[in-house]
Amino acid sequence: MPKKNTFSSWRRRVVQRGVHAGWAWVQRTGSVTAERPGRFRFGALGAHTRLAFPLGTVFGEPWIHVGSHCIVGEQVTLTAGLMPDLDLGPEPILRIGDGVVLGRGSHVIADTTVTIGSDCYFGPYVYVTSTNHSYDDPHEPIGKQWPRMEPVEIGPGCWIGTGAVILPGARIGRNVVVAAGAVVRGVVPDHAVVAGAPARVVRRWTPDDGWQPPLRTPAPVPIPDGVTPEQLQALAGLDEETAAKLAALDEEAAAKLAALDEEAAARLAEVDTES
């Protein structure tokens, strides 16, 4: 049986770690921030915003305004104008609000105005464009015909799923969910869920009716303030029966506290009446 070459194995591990450490350094150094914009001259680039390296295609950046606390993933394309080195006038063409996340490999093509509201989250490989090919002339190659351009607006708080396509003229409201792979055009109302190609509203929230059709799962419960990681780990190890008993105890304790509060309020009311 041949002996294992431990020296070669050790050397490969060292080289591998070196490659990973070197690549991590390249990613940190190559990322773009307001403090370290490199060759890019964005019209605005907010504090604590980072464009991850390697970048996708970026041009027309003087007409691109990006808010603060944004995360732009690797290989994300951001363009303003049909091509580089155009004078697009005094106003920004592409506006990205605060707290926006653009997933890896996404494209935002703003040949005319594109606005993305604050706190929007894009999955990977989302495509947003304000320009589409025209095919009016059946005798002319489609790529040589003048394209159609319409502004795009995505409201704040939206979640755009992986591989979604947002077409020219789309007007997406506030807190909208766009399902993975959906193709969106036209107007989408606030607080809606759209899916399909072309995308259609499959669920919507209104103040009078709530979610219609109703949600099938209960809303997630946020972790209470003051809970430590150790406590969460302990809870994760509980079986369902024990967890149910603890929940029942919590409900019982809450009911007792509510009863005590009512009794205390009644006593205070009596004191106020006597005085």
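Predicted model: local features only at pLDDT ≥ 70, side-chain atom pairs only at ≥ 80, totals over all residues.
Biologist: Which strands stand at the edges of the open sheet of seven strands?
Modeller: Strands here are DSSP runs of type E with at least two residues, helices are runs of H or I with at least four, and both are numbered from the N terminus; two strands pair if DSSP finds at least two bridges between them. The seven-stranded open sheet runs in the order E1-E4-E7-E10-E15-E18-E21, with parallel pairing. Two of its strands have a single partner strand each, so one side of each is left without a neighbour in the sheet, and these are strand E1 (44–45) and strand E21 (187–188).

Biologist: Which residue of E7 does Val66 stand opposite?
Modeller: Strand E4 (residues 64–66) pairs with strand E7 (residues 94–96) in the parallel sense, over three bridges. Within E7, the residue opposite Val66 is Ile96.

Biologist: In the open sheet of six strands, what is the bridge partner of Val165?
Modeller: That sheet has the order E3-E6-E9-E12-E17-E20, again with parallel pairing, and its edge strands, each pairing on one side only, are strand E3 (58–59) and strand E20 (183–184). Strand E17 (residues 165–166) and E20 pair in the parallel sense over two bridges. The partner of Val165 in E20 is Val183.

Biologist: How far apart in sequence are the parts that the salt bridge of Glu74 and Arg104 ties together?
Modeller: A salt bridge is a side-chain nitrogen of Lys or Arg within 4 Å of a carboxyl oxygen of Asp or Glu, and between Glu74 and Arg104 the closest N and O atoms are 3.1 Å apart. Glu74 lies in the loop between strand E5 (71–72) and strand E6 (77–80), and Arg104 in the loop between E8 and E9, so the pair ties together parts whose separation in sequence is 30 residues.

Biologist: How many salt bridges does a search of the whole structure find?
Modeller: Besides the pair of Glu74 and Arg104, Glu91 forms one with Arg95, where the closest N and O atoms are 3.8 Å apart. Arg148 forms another with Asp136, at 2.8 Å, and this pair links distant parts of the chain, with Arg148 in strand E14 (residues 148–149) and Asp136 in the loop between strand E13 (131–132) and E14. The number found in the whole structure is three.

Biologist: Where is Ser106, and what is its distance in space from Phe122, C-alpha to C-alpha?
Modeller: Ser106 is placed in the loop between strand E8 (101–102) and strand E9 (107–110), and its relative accessibility of 0% makes it buried. Ser106 and Phe122 are 16 residues apart in sequence, while their C-alpha atoms are separated in space by 8.1 Å.

Technical notes
Residues numbered from 1 in each chain as written. Heavy atoms only, no water. Buried < 20%, exposed > 50% of the residue type's maximum accessible area, 1.4 Å probe, protein only.
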